[in-house]
Amino acid sequence: CMKFSNRTTYDEDRLLRYHNFLVLRKRFFWSVVIICTVLISIIFALTLIFDPYNSSIWFSFIFIWTLDMICVFCYFILPHITISKAPQLNTSVLFEFEDNVFKIYATAKSGNESSERNYQSLIKVMESKQDIYLFISQRQAYILNKSGFTVGTSEDFLQFLKSKGIPCKGK
């Protein structure tokens with residue numbers, strides 16, 4: 001007996017939101033990057049005031065800012081390029097959730113696929129304002145549009161998953 005049903009299209013905005021959701025959860029990494037950049041900038045400014053001809057400080061400053069720009073490029077700009085060419089782009093996915101298993105029916109340009117999984121394959125569930133992420137590994141998740149439920153609601157669905165013993169984390 002089907003308890004919940006959801007239809008989600010993996011468009012570019014949805015895939016980018018998922019990527020940004022993962023990236024922004026690395027708060028420690030981004031904190032270190034920001035703190036190091038601020039400290040190097042302060043040291044650079046002080047050195048510029050007291051010893052403007054010190055070439056090693058110029059090199060260090062340029063090196064750190066280059067690393068920062070590489071991080072920004074890799075984490076925020078490169079995904080826009082790769083997602084726009086992703087094979088799963090514009091795939092329509094129908095999820096049907098039953099008591100013991102859930103079924104996935106994907107319709108893509110490359111063809112149709114279907115699979116069936118049990119709930120034990122989910123390691124955690126997280127949600128954002130617009131989506132629910134069913135993680136099957138640390139970086140892979142099924143994405144469900146919260147407004148895409150055709151049977152049941154997103155709130156009831158999250159309660160259902162909690163009753164299955166799957167860790168759920170809110171917004």
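Reader: Which residue is the bridge partner of Val125 in β6?

Author: In β6, Leu134 is the bridge partner of Val125. The model is predicted: local features need pLDDT of at least 70 and side-chain atom pairs 80 or more, while totals for chains, interfaces and linings use all residues. Residues are numbered from 1 along each chain as its sequence is written, and side-chain values use heavy atoms, without hydrogens or water.

Reader: What makes β5 and β6 a pair?

Author: Pairing requires at least two bridges found by DSSP between two strands. Strand β5 (residues 124-127) is joined to β6 by 4 bridges, so the pair qualifies. The two strands run antiparallel. They form a hairpin, with 3 residues between them. Strands here are DSSP runs of E with at least two residues; helices are runs of H or I with at least four; both are numbered from the N terminus.

Reader: How many bridges join β6 and β7?

Author: There are 5 bridges, in the antiparallel sense. β6 and β7 also form a hairpin, with 5 residues between them. Leu134 stands opposite Tyr142 in β7.

Reader: Which strands are the edges of the sheet?

Author: The open sheet has 4 strands in the order β7-β6-β5-β9, with mixed pairing. β7 and β9 (168-169) are its edge strands, since each pairs on one side only.

Reader: Why is Ser137 called partly exposed?

Author: Ser137 has 24% relative accessibility, so it counts as partly exposed. Ser137 sits in the loop between β6 (131-135) and β7.

Reader: What makes the approach of Ser137 to Gln140 a polar contact?

Author: A polar atom of the Ser137 side chain lies 3.1 Å from the backbone nitrogen of Gln140. The rule asks for N or O atoms within 3.5 Å, one able to donate a hydrogen and the other to accept it; sequence neighbours count only through side-chain atoms on both sides.

Reader: Is Glu98 buried or exposed, and why?

Author: Glu98 is at 19% relative accessibility, so it counts as buried. Glu98 lies in the loop between β2 and β3. The Glu98 side chain makes a polar contact with the side chain of Lys103, at 3.3 Å.

Reader: Why do Ser60 and Asp68 fall into their accessibility classes?

Author: Ser60 has a relative accessible area of 30%, so Ser60 is partly exposed. Asp68 has 12%, so Asp68 is buried. Ser60 is in helix α3, and Asp68 is found in helix α3. Asp68 touches Val33 and Thr37, leaving aside residues up to four places away in sequence. Touching means heavy atoms within 4.5 Å.

Reader: How far is Ser60 from Lys103?

Author: Their C-alpha atoms are separated by 54 Å, and the residues are 43 apart along the chain. Ser60 and Ser137 are 77 residues apart along the chain, with C-alpha atoms separated by 38 Å.

Reader: Which residues lie nearest the centre of the largest pocket?

Author: Tyr10, Leu15, Gln88, Gln140 and Ala141 do, out of 29 lining residues. Elements that each supply at least two lining residues include α1 (12-24), α3 (55-84), β2 (91-97) and β7 (141-145).

Reader: How do the lining residues of the largest pocket divide?

Author: They divide into 18 nonpolar, 9 polar and 2 charged. Asp, Glu, Lys and Arg count as charged; Ala, Val, Leu, Ile, Met, Phe, Trp, Tyr, Cys and Pro as nonpolar; the others, Gly among them, as polar.

Notes:
1 Å grid on protein atoms, 1.4 Å probe; cavity = no way out; pocket = protein on both sides within 12 Å on 5 of 7 lines; lining within 4 Å. Buried < 20%, exposed > 50% of the residue type's maximum accessible area, 1.4 Å probe, protein only.
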